[in-house]
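Colleague: I have a structure to show you. Can we go through it by questions and answers?

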Amino acid sequence: MGGWFTVQGANLAGTTRVLVTGVRGKTGVPLAELLTARPRVEVRGGSSDPSTIHLADVRPTAFSWDEPSRWAAAAEGVDAVYVVRPDRADAPELIGALLAEIPAQARVVLLSERDPDHTGPDGWAPRAERAVQDSGRTWTILRPSWFMQVFTDPRFYRDSIVDTGEFPFPSGGAAVAWIDARDIAAVAERALLDEGHAGQVYELSGPESLSLPRTADLLSAAAGRPVSHREVTIAEAVVGTTGFERDLNVLTFERVRAGRFAEVTDTVERVTGQPARTLRVFLASTGPAVPSANR
Ligand SMILES: NC(=O)c1ccc[n+]([C@@H]2O[C@H](COP(=O)([O-])OP(=O)(O)OC[C@H]3O[C@@H](n4cnc5c(N)ncnc54)[C@H](OP(=O)(O)O)[C@@H]3O)[C@@H](O)[C@H]2O)c1
């Protein structure tokens, strides 16, 4: 461990302090890696369980949406905050309350998602974005498509792919422009640290729109064994969830079926100068995360 601890508390001129909420999540990890690689950037990695944070040069920081009394300490003196929208009913109120605790000059980058016009339960998604836009802070909103990391995250499809060689997904024949979370992180890094992103709403996707059978073909090629997509109903896909989470999941899959995640944008390349990664490149770089024929 180096960088952060050498500047801790020193308030060095020119040092930028960034709070990354959700630092152990799909975008949080690559974002922390990008930020710590930049000179004179201190990274506070927010988690409800900071003891689980073992990212080089990241200061583990207690941050839970359920503990507002600790937000001020987490955000004290920061220049920028990356806000991973919590998928819960009170997210708009929580985000507004958090932003009231951060320094007035701090930049805010919100991780939202594609299809801004859907209202969700109780106008939920637009209200979460408005909490940022109305905060009086300098803001940027990221609206990504589905993350490629859902295939390698055990909380999503990884275990299904490993155990059964298939993944159930109610696509209704629609395609998805999967995006690598590392590309979302790269856009976030620019918006947090660089000029020119204030008031921007970035629609983010990967470079190609893939049907689910085509997606399965690419997973098969990476794994070296057959991986197939199984078309299921939305009701089947949301089994095990209840309440707001279920409502949100149903709505998300309805939007998938309506093709709302299919559109390809060039925003990643416009913002970062690098083309968005293909699913093939993503799968090649995940190594053993995708089960091979030998596992
Ligand atoms: N997933 C997608 O394809 C997708 C697409 C578009 C938009 N989004 C939006 O992006 C936001 C983040 O969603 P996400 O699904 O990508 O979640 P995520 O960032 O991977 O994880 C969110 C949080 O879950 C907690 N967590 C619990 N168990 C964990 C584990 N085993 N590994 C890592 N984190 C764990 C972590 O918080 P603690 O450290 O505090 O426990 C983490 O920050 C949501 O608002 C979602 O709607 C997601």
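Colleague: In which loop does Gly136 lie?
Modeller: This is a predicted model, where local features need pLDDT of at least 70, side-chain atom pairs count only at pLDDT 80 or more, and totals for chains, interfaces and linings use all residues. Residues are numbered from 1 along each chain as its sequence is written, and side-chain values use heavy atoms, with hydrogens and water left out. Helices (H or I, at least four residues) and strands (E, at least two) are DSSP runs, numbered from the N terminus. Gly136 lies in the loop between helix 5 (124–133) and strand 6 (138–144).

Colleague: Is Gly136 buried or exposed?
Modeller: Buried means under 20% relative accessible area, exposed over 50%, and partly exposed in between (1.4 Å probe, protein chains only). Gly136 has 64% relative accessibility, so Gly136 counts as exposed.

Colleague: What distance separates the C-alpha atoms of Gly136 and Ala106?
Modeller: Along the chain, these two are 30 residues apart. Their C-alpha atoms are separated by 9.9 Å.

Colleague: Which side chain does the side chain of Arg107 contact?
Modeller: Arg107 belongs to strand 5 (residues 107–111). Its relative accessible area is 16%, so Arg107 is buried. A polar contact is a pair of N or O atoms within 3.5 Å; within protein, one must be able to donate a hydrogen and the other to accept it, and residues adjacent in sequence count only if both atoms are side-chain atoms. At 2.7 Å, the polar contact partner of the Arg107 side chain is the side chain of Glu195.

Colleague: What is phi of Arg40?
Modeller: Arg40 lies in the loop between helix 2 (28–37) and strand 2 (41–47). Arg40 has 55% relative accessibility, so Arg40 counts as exposed. Its phi is positive in a residue other than glycine, near 55°.

Colleague: And what is phi of Asp57?
Modeller: Asp57 is in the loop between strand 2 and strand 3 (58–62). Its relative accessible area is 22%, so Asp57 is partly exposed. Asp57 is a residue other than glycine, yet its phi is positive, near 65°.

Colleague: Now the ligand. Which polar side-chain atoms lie 2.8 Å from an oxygen atom of the ligand?
Modeller: Arg85 uses a polar backbone atom, 2.7 Å from a ligand oxygen. The side-chain atoms at 2.8 Å belong to Asp87 and Arg155.

Colleague: How do the residues of the shell around the ligand divide?
Modeller: Ala, Val, Leu, Ile, Met, Phe, Trp, Tyr, Cys and Pro count as nonpolar, Asp, Glu, Lys and Arg as charged, and the others, Gly among them, as polar. The shell divides into seven nonpolar, six polar and six charged.
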